[in-house]
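Subject: Structure handover

Hello,

Here is the structure you will be working with. Please open it first, then read my notes below.

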Amino acid sequence: MSHKYIFKYIIIGDMGVGKSCLMQRFTEQRFRNDLPHTIGVEFGTITVDINGETVKLQIWDTAGQERFRSVTRGYYRGAAGALLVYDVSRRETFSRIGTWLQDARGNTNPHTVMMLVGNKSDLDESREVSYEEAVKFADENNLLFVECSALNGDNVEQAFLSTAHKIHEKVMCGILNPGDPESGVQLHNATLPNAGDSTKRERKGDNTCPC
Amino acid sequence: MKASSNLSLRRRELLERLLDLSTATFDEQVLIVNKLYDTPLPTLEEVLLQVSHVCITHGEAEIQDLLRNFMLWIAAQSFSAALRLSWTVDSVQKIFGLLGLGDRVKEIRDRIESFAINRRGNVRDGNDDEVTEAEIMRKELRLKLYNEERQFISIVTHLSSQLCQHPDKRKRQTELKRKLQEINNSLSTQSIIYPFGGVADPVKWIVNIAVDECVVFSSRERAPFLLRCEVILDDTTSMGDPVASKLRLPNGSFKIAADFDEVFTPSYAQEGSGDEKDMKTDGVFQGSDRDAFVCAFGESAEECVARMRKKSVFGKHPNWSVVSVVVKAKDDLRQEELALQLIDIFNKIWEEGGITCSVRPHRALSVSADSGIMEYLDGACSIDGIKKLCQVSSLAQFFNEAFGPVGSERHSKAEMNFVETMAGYSIVSYMLQVKDRHNGNLMISSEGHLVHIDFGFMFATSPGGINFESAPFKLSQELMEVMGGVGSAAFNYFKLLLYQGMVAVRERADDILGLVSLMTPYNTMSCFGSDPASTVQQLRSRFRFDLETETDFALHVKELILGSVDNWRTRRYDQFQTLQNGIL
């Protein structure tokens with residue numbers, strides 16, 4: 001019924017790559033062609049099932065415009081997941097992913113799960129970034145990767161859910177601690193954790209986790 | 001007077017529109033929904049239970065979409081309304097899931113949150129430059145407040161549930177304090193507010209739990225507890241958008257005052273230095289009065305707050321104050337919430353009519369299917385508790401000992417308060433058919449007011465499923481004695497107030513009927529019984545619209561009184577409660 005965890009997300013990338021459409025497609029199951037430019041940040045949320053546990057994803061869609069960069073950077077802190085979005089039909093948006101990645105790594109905690117997202121896969125005829133090239137970049141930088149289309153919905157859920165699964169794994173291993181505000185993970189129906197519980201969880205993590 | 005009359009007119013208007021939705025044509029419904037946006041926010045907040053119920057349950061799909069958008073618009077206008085809507089949805093989600101509306105409710109729940117954080121609909125069209133950095137950063141503060149407020153409420157209600165596992169009362173109390181101290185340890189960095197209040201109210205930031213003042217109440221199956229919290233009152237903003245505060249800084253610390261930059265520093269050096277209770281003798285009280293009074297009510301609210309302030313590390317802040325709530329788990333508070341809303345409306349009707357008949361409004365908040373919080377009635381004790389604590393054999397004896405001899409100024413004032421609230425709750429009990437009126441559910445305030453609590457059985461439901469308490473309202477011999485018995489001036493005053501109060505309520509019957517009938521679709525509350533339409537019809541019949549003259553109505557009220565005075569079923573029910581549950 002009620003969610004057990006909250007996972008916080010940020011979506012970053014150049015202006016016009018489709019960040020807001022991605023969020024809206026995922027949280028509201030619809031696409032709007034006429035979305036205005038995001039001013040600062042926009043918030044969306046949806047509750048999903050991850051390995052039998054209910055998780056609420058709280059997502060910050062950030063403005064890609066340069067003039068909002070300094071204020072939106074403040075939202076990176078405390079994100080458990082980060083989606084770095086580029087437009088497959090505009091090479092310059094992919095070229096600047098390195099800058100976005102550097103920004104993200106510098107402002108999030110070391111265990112934030114990051115995914116490279118190539119949006120607008122429906123524009124295959126206008127493609128300027130190949131799948132192979134992006135996979136290579138993702139592998140080199142230890143990022144998850146998916147191509148999707150906010151327009152027709154292809155792989156949008158996967159972008160968020162595979163990231164959420166990875167976050168969930170890290171919570172189970174104790175790598176991401178819900179008690180730490182910087183982790184971007186929060187327990188909702190918190191039975192107050194005491195020292196014994198923490199120790200127990202850590203021990204269990206050591207014994208069973210393949211990470 | 002003018003302001004409150006205006007508000008009641010807007011409430012009437014809103015209720016009529018909501019009711020009209022079920023009978024209007026499609027095009028008319030569209031117009032009605034559009035007109036809903038003209039309603040003042042305080043009116044929407046007052047009727048939020050009904051608004052949310054209509055928005056969730058309306059049958060026409062396209063209109064339901066419009067109503068859902070309206071509900072989300074409310075969440076964008078008022079942060080406190082958004083919180084309440086989110087808790088309302090948490091409370092009804094399971095029920096509506098069983099009734100086939102689960103998907104609708106889930107979607108609403110997620111979007112209430114995003115509308116509350118984004119405050120969509122408030123953003124000005126066009127010029128992006130008008131959006132300041134501060135406004136952008138407020139979204140993060142709003143999410144922090146939303147998450148931490150809901151987590152805090154979830155933790156304390158869960159704690160009430162956990163305490164049930166300890167059969168021993170002392171163990172419960174020890175465990176309560178231990179857990180509350182743990183919660184306290186992380187409060188300084190958190191954003192938590194006292195959740196009652198609307199766009200017209202200042203924010204009360206919870207900064208500390210006064211652990212030593214928190215008590216688990218005795219109960220067999222449940223462990224409700226009193227939660228007393230220290231707050232900083234913030235009138236630089238409202239519950240409509242708490243993070244717009246000019247008193248609280250983004251890092252959580254407080255300024256001394258909004259006009260100055262000086263930051264308040266809690267005096268942690270004082271922590272742990274519990275001053276001994278100052279038993280200052282107050283010249284106003286006689287010895288015996290003092291004994292009975294203190295026995296029932298303990299220290300006064302002022303004394304309690306003064307003592308707490310001295311001990312508090314936040315106590316030196318000029319806006320420091322205290323709030324108290326009862327936390328309940330394994331208890332469905334939706335019905336309590338409805339009852340207290342209706343009681344508040346009754347009280348407003350009497351105030352607007354200039355009638356001294358009254359009740360003591362307080363609020364409940366259901367936060368899940370089986371938990372919630374209620375405002376605590378400070379300075380009040382149940383009749384049952386009074387008899388046990390003060391070793392008095394009757395309530396009248398207590399009044400004499402606590403408020404002074406009959407005829408003294410204090411006694412007369414207390415008696416007046418008793419009569420006025422006795423009349424108020426008699427009308428409430430009759431109109432809402434409130435049951436289970438034993439002396440554990442009747443409180444006396446330190447000023448003599450009578451206050452009814454616990455509205456678990458009303459309208460169609462009764463304890464054990466048997467409608468044994470069939471008197472119009474409880475008017476036991478004991479309660480009569482406090483008023484001086486039949487023929488006394490106080491009892492005559494009671495009868496007059498009952499008549500005046502009933503007339504006033506009758507004139508505003510549509511408000512009461514509207515509030516109740518709007519909650520009946522899908523029949524999600526047990527108090528409506530198996531046939532909600534019949535329940536509403538019976539409520540309507542209690543207004544006696546068939547009586548055409550004032551004289552006839554006056555005779556009717558007289559008959560209600562005669563049927564209640566020392567009613568034998570009332571007497572038997574009290575005796576049953578004494579034998580079965582030890583309630584005196």
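**A helix across a sheet**

Start in chain B. Helix α13 (residues 383–390) of chain B lies across β7, β8 and β9 of chain B. It runs at about 90° to β7(B). Helices (H or I, at least four residues) and strands (E, at least two) are DSSP runs, numbered from the N terminus. Axes are lines fitted to C-alpha atoms, for helices over the stretch in contact, and angles run from 0 to 180 degrees between N-to-C directions.

α15(B) packs on the sheet too, touching β8 and β9 of chain B. Contact here means heavy atoms within 4.5 Å. The direction of α15(B) makes about 20° with that of β9(B).

Some ground rules. This is a predicted model, in which local features need pLDDT of at least 70 and side-chain atom pairs count only at pLDDT 80 or more, while totals for chains, interfaces and linings use all residues. Residues are numbered from 1 along each chain as its sequence is written, chains are lettered from A and ligands numbered from 1 in the order in which they are written, and side-chain values use heavy atoms, with hydrogens and water left out.

**The sheet**

The three strands form an open sheet in the order β7-β8-β9 (chain B), with antiparallel pairing. Two strands pair if DSSP finds at least two bridges between them. β7 (380–382) and β9 (450–452) of chain B stand at the edges. Each has a single partner strand, so one side of each has no neighbour in the sheet. The twist averages 35° from one strand to the next.

β8(B) and β9(B) pair over three bridges. Met443(B) has Val451(B), in β9(B), as its bridge partner.

**Two positive phi angles**

Most residues other than glycine have a negative phi. Which way do Lys120(A) and Asp436(B) go, positive or negative? Lys120(A) has a positive phi of about 70°. Asp436(B) has a positive phi of about 60°.

Both sit in loops. Lys120(A) is between β5 (113–119) and α5 (131–140) of chain A. Asp436(B) is between α15 (409–432) and β8 (442–445) of chain B.

Lys120(A) is partly exposed because its relative accessible area is 21%. Asp436(B), at 12%, is buried. The cut-offs: buried means under 20% relative accessible area, exposed over 50%, partly exposed in between (1.4 Å probe, protein chains only).

**One more loop**

Tyr522(B) lies in the loop between α18 (509–517) and α19 (532–541) of chain B. Tyr522(B) is partly exposed, with 37% relative accessibility.

Best wishes
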